[in-house]
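Trainee: I have a new model open and would like to learn how to read it. Could we go through it feature by feature?

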Amino acid sequence: MKRLLIALLLTVFASPLSLAQGNSVRLKEIARVQGVRDNALVGYGLVIGLAGTGDTNKNRLTVQSVANTLSHFGVNITPDDLNSRNVAAVMVTATLPAFAESGQKLDVSVSSLGDAHSLSGGILLLTPLNGPDGKLYALAQGALSVGGYEVRAFGSLDQKNHPTVGRVPDGATVEREAPLGLDEDGRTLDVVLYQPDFTTAERIAESLRRNAGVEAVAEHAGKVRVTFATPPVDLVQTISLIENVPVTPDQIARVVVNERTGTVVSGGDVRLGAVTISQGDLRIQVQTDYLVSQPDGVMVNPSRNIGTAVVPQANINVQDPEARLVSIPNGATVSDLIAALRAIHLSTRDVITILQSIKDAGALRGELVIQ
């Protein structure tokens, strides 16, 4: 009996701690180290080998690019000498991940820049990819994979997806290491939150001081600065220790509404004040029947004013059903509200309108985001 009582007391007193630990996440899931980021690459190139679906001669950009490319191979022609629709001018984009090394492969996206009908079956010529700083970081080349098609015949058109956009898997080779924005002196390290929040930033700083043994200060809602007494000998190990520090992020009371799709997403802790909702529909139906009236019998020398007439007859039906009433107690959640509104068979768009009205009335204790 004593053992059962002790086990019960331990369960009761340990449950809040277990709940807090269950809500904690690793720091790397809600924040990142500043300077460790992806970089966008872009370049201009040509896709060749198209079966007459490339740019027309009206696109002088493509014609001039072909002439410039041939000049590198000792073929000197003027743009006026070219008459081919097997080439298309394209823009090539890729993402250079953090810590990318020379020789690493990247996927590239290719998009038509001119008036080409399709890039299916084309091959991307060697294209330099530059970063925002204007430096070359990768070279792209290879056969395109297009997830669509376009077929034209005698004025008819059959198209699937977007045949003017394609990809080259592993089509780019990294030539320069990705830039790294870490502090040069190695004494400071900034942790940037994915979703800035003052409470979460302060909890991160407190957890770093307690679990990682470093000096951490929340600069603002989106950044926590970590300061080392001496530069770390093993920076990778230090960052790994910081990333795995447990943090309990603060839950933001927010309701996200998408009016285009009729979607409502809310957090579990969004509460409502005491509110009463009355919703009613006034339905008016007008139905018009057209009756034909024409003269009866045989007439001798009838007047020109006598003829068939169309007589409209309108029937109006008005329905004013009793307004449906829903009462929500103080402290109820948005989930409780939606369940109650669904019980009276309201549509999703009606629910969205009611949520907006509740926010205007001051009964929604949270943020309402309308997309």
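**A loop and a sheet**

Mentor: Let's start with Thr-230, found in the loop between β13 and α4 (235-243). Helices (H or I, at least four residues) and strands (E, at least two) are DSSP runs, numbered from the N terminus. This is a predicted model, where local features need pLDDT of at least 70 and side-chain atom pairs count only at pLDDT 80 or more, while totals for chains, interfaces and linings use all residues. Residues are numbered from 1 along each chain as its sequence is written, and side-chain values use heavy atoms, leaving out hydrogens and water.

Trainee: Is Thr-230 buried or exposed?

Mentor: Buried means under 20% relative accessible area, exposed over 50%, and partly exposed in between (1.4 Å probe, protein chains only). Thr-230 has 54% relative accessibility, so it counts as exposed.

Trainee: How do I read a sheet, and what is the strand order here?

Mentor: Strands of a sheet pair through backbone hydrogen bonds, either parallel or antiparallel. Two strands count as paired if DSSP finds at least two bridges between them. Here four strands make an open, antiparallel sheet in the order β2-β11-β13-β12. β2 (31-33) and β12 (215-220) are at the edges with a single partner strand each, so one side of each has no neighbour in the sheet.

Trainee: How many bridges join β2 to β11?

Mentor: Three bridges join β2 to β11 (residues 188-193), and the two run antiparallel. Arg-32, for example, has Val-192 in β11 as its bridge partner.
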